[in-house]
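Here are some friendly notes to read with the model open beside you. Take the points in order, and find each element on screen as you go.

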Amino acid sequence: MTESTNFSAFGLSPLRLAAIESIGWTLPTPIQQQAIPLVMGGRDVVGIARTGTGKTGAFMLPALEGLKEGAGLQVLVLCPTRELAQQVTEDTEALAAGSKVRSAVIHGGVAYGPQLDALSRGDEVVVATPGRLIDLQQRGKAKLKGVRLLILDEADRMLDMGFRPQIEQVVRGLGRRPQTLLFSATMPNAVHALALRMTRDPAWIEVSPSGTKAQGISEIAYSVRPELKPDLLIHLLEQPGWDQVLVFTRTKIGANTLQSRLEKARISCDAIHSDRQMRHRTRAMERFSNGDVRVLVATDIAQRGLDIEGISHVVNYDVPLDPGDYVHRIGRTGRAGATGEAVTFVTAADIGAFRTLEFQLERRLDKVHHPDFDFAGGVVMERREPSRTRSRSGRGMGSKAGEQLAPEELAALLSHES
């Protein structure tokens, strides 16, 4: 199918087309164009596409088309995080509008009652995190024998979180092997092995290589002294256009500390991480989505499953240690054709990790040395304030981050001029 293909070309039902129109989708994305006909044709599919490219629609539209209303659980979607499970459920409900199809979300951190009710009444679609689903299986409350379509969403993240044994345990409870779809933003060896193990003669689809980003996202990196990272963030938040900002920290303590610092600066913000109860995390995301708070500080729990329109900036307050994490973090902005900016803070101690990140991404990020915050004492190698030039390309994995270097050497190292 060509880029001009519309959704009606897939043979979707009038109800589904009406739901698509009400959502505001016009043309299918590349992953949807390729996956939907294959799934409707009964094929197992392994789909690789970066975040924000419409993977949920790629598997849920054909999944809903094949459902028998009132026939009990038929579609099971496994997700790595509660937030992603909730997002997929919301998308499912929107795409199922006008029908009698029911969907339920199953995850930890909340009461069992509503989830048990959903399972007992036989909702056709269940979106679940592996841990809570296994808990309910062991209690005899989750009967999965009728599942005919199994979907693993964000498989790379599930494996990163150590969910492979749980995934295999869930699959053993399905009885006969269902049609299986595996979607992922990256394809490391572990995901490739899982795909071979879980699927039968799958169609392999890759619409964006690992490490790619949306065209509308610009990327820059600020060199900064560690103790001045909060001040640099506050300075940036004072600039025009920083309207809705998602900030990623490496640790829960770091998220709490930064939230307190921003609140002292009278910047409206909230935080989400695994130590916060689910209702508080949900409330924080709602406040951020509604514009009640301007900044959401998060650990990597939010790098997938947070689908909020209008995020203007993503800030890597700490350098991600994995390129997949970086791609998923910055994918929270620039969604659905919008534009956005991804900013990464780099201290002298981060240089090695930062250069490795660039090497693995196979691209260079523009560098900014602000004299008030630069760890090199204001030595300007590449300016963005007030002007900006791109750094020279060229590879190199060596790092002097642990050595005692002069300010000029540190600046040159970050700019790849050494």
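1. A term to begin with: helices (H or I, at least four residues) and strands (E, at least two) are DSSP runs, numbered from the N terminus. The expected span of a helix is 1.5 Å times one less than its number of residues. This is a predicted model, in which local features need pLDDT of at least 70 and side-chain atom pairs count only at pLDDT 80 or more, while totals for chains, interfaces and linings use all residues. Residues are numbered from 1 along each chain as its sequence is written, and side-chain values use heavy atoms, leaving out hydrogens and water.

2. Start with helix H12, residues 278–290. Its 13 residues reach 18 Å from the first C-alpha to the last, close to the 18 Å expected at 1.5 Å a residue. After H12 comes Gly291, with a positive phi near 85 degrees.

3. Which residues of H12 are buried? They are Met278, Arg281, Ala284, Met285 and Phe288, where buried means under 20% relative accessible area, exposed over 50%, and partly exposed in between (1.4 Å probe, protein chains only). These residues lie on the same side of H12 because they cover an arc of only 125 degrees around the axis, the arc being that of the directions from the helix axis to the C-beta atoms. The face turned away from the buried side carries the exposed residues Arg279 and Asn290.

4. What covers the buried residues of H12? The cover includes helix H4 (82–95) and strands E9 (245–248), E10 (269–272) and E11 (295–298).

5. Now look at the open sheet of seven strands, ordered E10-E11-E9-E12-E13-E8-E14 with parallel pairing; two strands pair if DSSP finds at least two bridges between them. E10 and E14 are the edge strands, each pairing on one side only. From one strand to the next, the twist averages 20 degrees; axes are lines fitted to C-alpha atoms, for helices over the stretch in contact, and angles run from 0 to 180 degrees between N-to-C directions.

6. Helix H10 (residues 229–237) packs on this sheet, touching E8, E9, E11, E12 and E13 (contact means heavy atoms within 4.5 Å). The direction of H10 makes about 160 degrees with that of E13. Helix H11 (residues 252–264) lies across E9, E10 and E11, at about 175 degrees to E10.

7. Strand E8 (residues 217–223) has six of its seven residues buried. Seven bridges join E8 to E13 (residues 340–346), and three join E8 to E14 (residues 366–368). Follow Ile220: its bridge partner in E13 is Val343, and in E14 Ile220 stands opposite Asp366.
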